[in-house]
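Dear colleague,

Please find the structure below.

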Amino acid sequence: MVSHNITEEELKGKRRILFVCLGNICRSPAAEGIMKSIVDAEGAVDFAIDSAGTARYHIGELPDHRMRIHARRRGIELDHHCRQVTSIDFEDFDLVIGMDDSNLANLRRIAPSPEAERKILGMSAFFNKSTHYDYVPDPYYEGAEGFELVLDLLEEGCRNLYKAVSER
Ligand code: 4NP
């Protein structure tokens with residue numbers, strides 16, 4: 001479990017984390033909700049967790065109702081309001097985590113500096129080695145299994161991400 005452009009040592013203490021997908025109504029707000037629930041359960045302080053989308057389609061909206069229902073079944077309420085990622089986010093966050101290759105390419109396009117670009121990581125860098133996915137698949141045009149798969153991948157990835165950034 002090593003990410004592409006940052007060492008495990010450098011990950012320690014990186015507590016300002018932005019999750020990014022295309023629409024910011026399915027995958028990234030779910031990642032935000034899951035990561036916040038882990039941070040709360042651990043009693044960890046000084047974390048700033050948020051999410052954003054590369055697209056503008058759904059700005060201001062709550063997450064997709066299907067994702068809200070599936071997350072609620074796992075005890076996670078999603079109340080984020082959709083916003084678009086901007087180059088300022090690279091100042092406000094230590095890690096900018098994309099869900100798939102298209103998200104990562106879009107993030108690299110708006111990263112304002114090489115230093116900012118080094119903050120971009122793929123969520124799959126935090127999957128278990130045995131997991132046969134190297135991205136978080138877009139569930140928007142899928143059925144219930146698509147949403148459950150996303151939540152399974154994100155729970156696994158966020159647990160490993162939390163371990164990677166926590167200093168204990
Ligand atoms: P997300 O899913 O990137 O996980 O939020 C999508 C949401 C909306 C659309 C595409 C993907 N859309 O085309 O509106």
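An oxygen atom of the ligand lies 3.0 Å from a polar backbone atom of L22, and another such pair, at 2.8 Å, involves a polar backbone atom of G23. For R27, an N or O atom of the side chain is 2.7 Å from an oxygen atom of the ligand. Taken alone, the ligand exposes 350 Å², of which the protein buries 92% (Shrake-Rupley method, 1.4 Å probe).

Please note that this is a predicted model, in which local features need pLDDT of at least 70 and side-chain atom pairs count only at pLDDT 80 or more, while totals for chains, interfaces and linings use all residues. Residues are numbered from 1 along each chain as its sequence is written, and side-chain values use heavy atoms, with hydrogens and water left out.

The residues around the ligand (a heavy atom within 4 Å of it) include C21, I25, C26, Y57, H58 and D138. This shell divides into 7 nonpolar, 3 polar and 2 charged residues, where Tyr and Cys count as nonpolar and Gly as polar.

As to the cysteines, the structure holds 0 disulfides (pairs of cysteine sulfur atoms within 2.5 Å). The cysteine sulfur nearest to that of C26 belongs to C21, 7.0 Å away. C26 is buried, with a relative accessible area of 5% (buried means under 20%, with a 1.4 Å probe and protein chains only). For C158, the nearest cysteine sulfur is again that of C21, 12 Å away, and C158 is buried at 0% relative accessibility.

With kind regards

Key:
A polar contact is a pair of N or O atoms within 3.5 Å; within protein, one must be able to donate a hydrogen and the other to accept it, and residues adjacent in sequence count only if both atoms are side-chain atoms. Buried means under 20% relative accessible area, exposed over 50%, partly exposed in between (1.4 Å probe, protein chains only).
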